[in-house]
Amino acid sequence: MDFTLSNEVKRDEIVKKLVEGTEEFAINRPGNRIVITGKGGTGKTTITAILSYLFAKESHVLAVDADPQMNLPYALGMKRELAREIVPLNRHVDYIEEKTGARPGSGWGEFLSLNPDVSDVVDRFGIDVDERISLLVMGTLHKAAIGCLCPENDLLDSVVRHISLRNDDVILMDTEAGVEHFGRAIAKGFGHAIVVSDVSFNSVQVADSAIKLAWDLGIQKIHLVFNRVGSNESSIKDLLKEMDQSIPFTIDYIPYDDSLGAVDPSVKTLIKNNTTILPAVEKLLKRVQNSE
């Protein structure tokens, strides 16, 4: 299926035409496709990195950094000087033009391929962090352009759809708060949403919204994770009352551990030292695996 249309057409209308009736996508494909989201500062990037190393004990992992902060390379233990040199995919303008037929920032009225072939994206831009972990740094959608069709947004959507179809890989995608940015692409490939929250009202409100978004997108395996749980654990029951109880989700708790500050930002030392955080994340991993 090939659409080449003027980008004056509304983005949502085009994506709807592109996705509906396309048989190559299948919801909840075999293997683990997991999106991790939540309020900024709750530790979702750290949890993504730990899960990457735990999953890598048995499978190859593709860790996707779709958070504009781009901290996942550091959390995975990349050397800082190398991590700083990473150019996110949405800034590779030559590649975007090659695949979509339009160059970012070149103005309106160009014709744009809506299903570019991005099958080479991991080979060209994936970074080997570990023997079994590859990293792909996406950048983020330009929110001001969400209502229109832009080459970089189109490319990122296509990449998300493509990587969700990769066989054998466990895919972990660390996103900014909310999963609507890659809406339909995530819905057609990702079967799990891990929503990370701390024990605060504001964070739980963001988590509640993220759970609703994930559910609306068709992600039915949703896991709420309370991170850095300390002596205020009893207040979680009251916070849960503020959430929509009509959507099913599991709940996990990761304890506060001050040793994390000593290894920040890399999680490698934390994993080797088997801190109190690790068993909790291992429990989360098993929950995800058992719900396949």
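Tyr253 counts as partly exposed in this predicted model, its relative accessibility being 37%. Its aromatic partner is Phe226, and because the two ring planes stand at 15 degrees to one another, with the centres 6.0 Å apart, the pair is classed as stacked. In contrast to the partly exposed Tyr253, Phe226 is buried, with a relative accessible area of 0%.

The count of aromatic pairs comes to two. In the pair formed by Tyr95 and Phe125, the ring centres are 4.8 Å apart and the planes meet at 75 degrees, an angle over the 60 degrees that the edge-to-face class requires, and the pair is therefore edge-to-face. This pair likewise links distant parts of the chain, with Tyr95 in helix H5 (residues 93–100) and Phe125 in helix H6 (residues 121–125), 30 residues apart. Tyr95 is buried at a relative accessible area of 3%, and Phe125, at 18% relative accessibility, also counts as buried.

The geometry of the pairs is set out below.

| Pair | Centre distance | Plane angle | Class |
|---|---|---|---|
| Tyr95 and Phe125 | 4.8 Å | 75 degrees | edge-to-face |
| Phe226 and Tyr253 | 6.0 Å | 15 degrees | stacked |

A further feature concerns strand pairing. Strand S5 (residues 127–130) runs antiparallel to strand S6 (residues 133–137), the two being paired over three bridges, and together they form a hairpin with two residues between them. Within this pairing, Ile127 stands opposite Leu135 in S6.

Note on methods:
Residues numbered from 1 in each chain as written. Predicted model: local features only at pLDDT ≥ 70, side-chain atom pairs only at ≥ 80, totals over all residues. Heavy atoms only, no water. Phe/Tyr/Trp six-rings, centres within 6.5 Å; stacked < 30°, edge-to-face > 60°. Helix = DSSP H or I, 4+ residues; strand = E, 2+ residues; numbered from the N terminus. Buried < 20%, exposed > 50% of the residue type's maximum accessible area, 1.4 Å probe, protein only. Pairing = 2+ DSSP bridges.
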